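I opened this entry to look up a pocket and a sheet. My notes follow.

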Amino acid sequence: MIYERENVDGLKTGTTDFAGASMTGTAKEDDMAIITIVMNATNGQQDLGKRFVETDKMMDWAFENWDMVPAFEENQLIENIDPVVVDEGKKDAIELAVKSDVSLLVPKNTDMENISVTVQLQEDLLNESDHLTAPIEKGADVGTAQVISEGDELGYVNGDKGEEISVVAASTIEKANVFVLAGRWVKAFISDLF
């Protein structure tokens with residue numbers, strides 16, 4: 001156990017002619033979990049501990065230079081996007097919120113004020129005008145969002161550029177009655193004449 005390290009929760013060693021002395025390790029500190037992969041550790045065939053030493057260096061670097069930082073809390077409003085247009089409702093727009101907590105892996109001391117959010121509404125919920133249609137219940141899933149810390153160009157293994165989360169309606173919008181809808185139609189018709 002001379003290479004023991006706290007918080008390591010998984011590892012697998014291996015040696016092949018192609019990859020040399022290799023190791024995959026996983027560790028978790030606070031809320032951040034990492035996976036390290038060492039391949040062809042220098043002199044790893046002669047010094048069987050070399051792969052553990054290199055893994056330890058990688059884990060030290062990751063935990064010393066990166067943080068898992070909260071970006072949004074469950075049901076928090078997404079404030080840096082425009083409300084979404086709603087047709088046939090008692091209100092004509094709705095704010096969106098995140099469905100669950102969201103954290104981002106960022107370099108230490110990153111300013112979390114510079115977060116960008118890109119929302120993609122569910123296509124099956126959009127009408128011909130690409131708007132939502134009332135009624136909409138508070139908490140209903142309406143799409144997804146990519147949350148990214150500005151300047152983060154690392155991306156994800158699956159090709160995503162940010163953390164993907166579900167987006168929900170922040171409030172309930174009831175369907176407007178026939179008289180309100182008719183009044184809106186007349187107003188729009190008259191304004192189009194002028």
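I sorted residues by class first: Ala, Val, Leu, Ile, Met, Phe, Trp, Tyr, Cys and Pro count as nonpolar, Asp, Glu, Lys and Arg as charged, and the others, Gly among them, as polar. The model is predicted, so local features need pLDDT of at least 70 and side-chain atom pairs 80 or more, while totals for chains, interfaces and linings use all residues. Residues are numbered from 1 along each chain as its sequence is written, and side-chain values use heavy atoms, without hydrogens and water.

Pocket. I looked up the lining of the second largest pocket and found 9 nonpolar, 1 polar and 3 charged residues. A pocket here is an open set of points on a 1 Å grid over the protein atoms alone, where a 1.4 Å probe fits, with protein on both sides within 12 Å along at least five of seven lines; lining residues have an atom within 4 Å of a point. Among the 13 lining residues, Tyr3, Glu4, Arg5, Leu11 and Phe52 lie nearest the centre. Strand 1 (8–16) and helix 1 (50–65) each give two or more residues to this lining. Helix 1 gives the most, with 5 residues. Helices (H or I, at least four residues) and strands (E, at least two) are DSSP runs, numbered from the N terminus.

I then read an open sheet of 3 strands, in the order 1-2-3 with antiparallel pairing. Two strands pair if DSSP finds at least two bridges between them. Strand 1 and strand 3 (32–38) are the edges, each with a single partner strand, so one side of each has no neighbour in the sheet. I noted 7 bridges between strand 2 (residues 20–29) and strand 3. Methionine 23 has valine 38 in strand 3 as its bridge partner.
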